[in-house]
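Thanks for making the time this morning. I would like to walk through one model with you, going from a few individual residues out to the whole chain.

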Amino acid sequence: MQYTYTPHGVCSRMIQIDVEDGIVEKVQFIGGCSGNTQGIGALVQGMPVDEVIKRLENIKCGSRPTSCPDQLAKALKKVAAEQ
């Protein structure tokens, strides 16, 4: 199922996530640092949602209290709560 999440406190404007049976099938960031967000999407593809959350939660971007990876973890927490 496809989910859309609006991140807060980062450069990316939207995260589109496909999750099937607890596995991340695809992640696409709209906006943000293209190479970094594409890399994140490629690395988490095929991973269990819980594992992605565990690895990316609480990562910061410079002096910001959050980051694109942290926002993905927040989005996946919301997805997990809805399932």
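In which helix is Ile-40 found? Ile-40 is found in helix H1, which covers residues 34-44, where helices are DSSP runs of H or I with at least four residues, strands are runs of E with at least two, and both are numbered from the N terminus. Before I go further, please keep in mind that this is a predicted model, in which local features need pLDDT of at least 70 and side-chain atom pairs count only at pLDDT 80 or more, whereas totals for chains, interfaces and linings use all residues. Residues are numbered from 1 along each chain as its sequence is written, and side-chain values use heavy atoms, with hydrogens and water left out.

Back to Ile-40, then, which is buried at a relative accessible area of 13%; buried means under 20% relative accessible area, exposed over 50%, and partly exposed in between, with a 1.4 Å probe and protein chains only. If we leave aside residues up to four places away in sequence, Ile-40 touches Phe-29, Leu-56, Cys-68, Pro-69 and Leu-72, a contact being heavy atoms within 4.5 Å. Phe-29 is 11 residues from Ile-40 in sequence, and their C-alpha atoms are 9.2 Å apart in space.

Let me turn to helix H3, residues 68-82, where Gln-71 lies. Gln-71 is buried, with a relative accessible area of 3%, and a polar atom of its side chain lies 2.9 Å from the backbone nitrogen of His-8. Not counting residues up to four places away in sequence, the residues that Gln-71 touches include Tyr-5, Val-10 and Ile-15.

Asp-70 also has its place in helix H3, and at 2% relative accessibility Asp-70 counts as buried. Which groups does the side chain of Asp-70 reach? One is the backbone nitrogen of Asn-58, at 2.7 Å, and another is the side chain of Thr-66, in a polar contact of 2.6 Å. By polar contact I mean a pair of N or O atoms within 3.5 Å; within protein, one must be able to donate a hydrogen and the other to accept it, and residues adjacent in sequence count only if both atoms are side-chain atoms.

Asn-58 itself is found in the loop between helix H2 (49-56) and H3, and it is exposed, with a relative accessible area of 53%. Its phi is near 70°, a positive value in a residue other than glycine. Asp-21 has a positive phi too, near 50°, and lies in the loop between strand S2 (12-20) and strand S3 (23-31), where it is exposed at 78% relative accessible area.

Now for the whole chain. The protein has 3 helices and 3 strands, and from the N terminus on they run β-β-β-α-α-α. With 83 residues, a compact globule would have a radius of gyration near 12 Å, and the 11 Å of the protein agrees with that; the radius is taken over C-alpha atoms, and the globule rule is 2.2 Å times the number of residues to the power 0.38. The C-alpha trace spans about 35 × 20 × 20 Å along its principal axes. Of the 83 residues, 37% count as buried. Finally, among contacts with a separation of 6 or more, 39% come from residues 24 or more positions apart.
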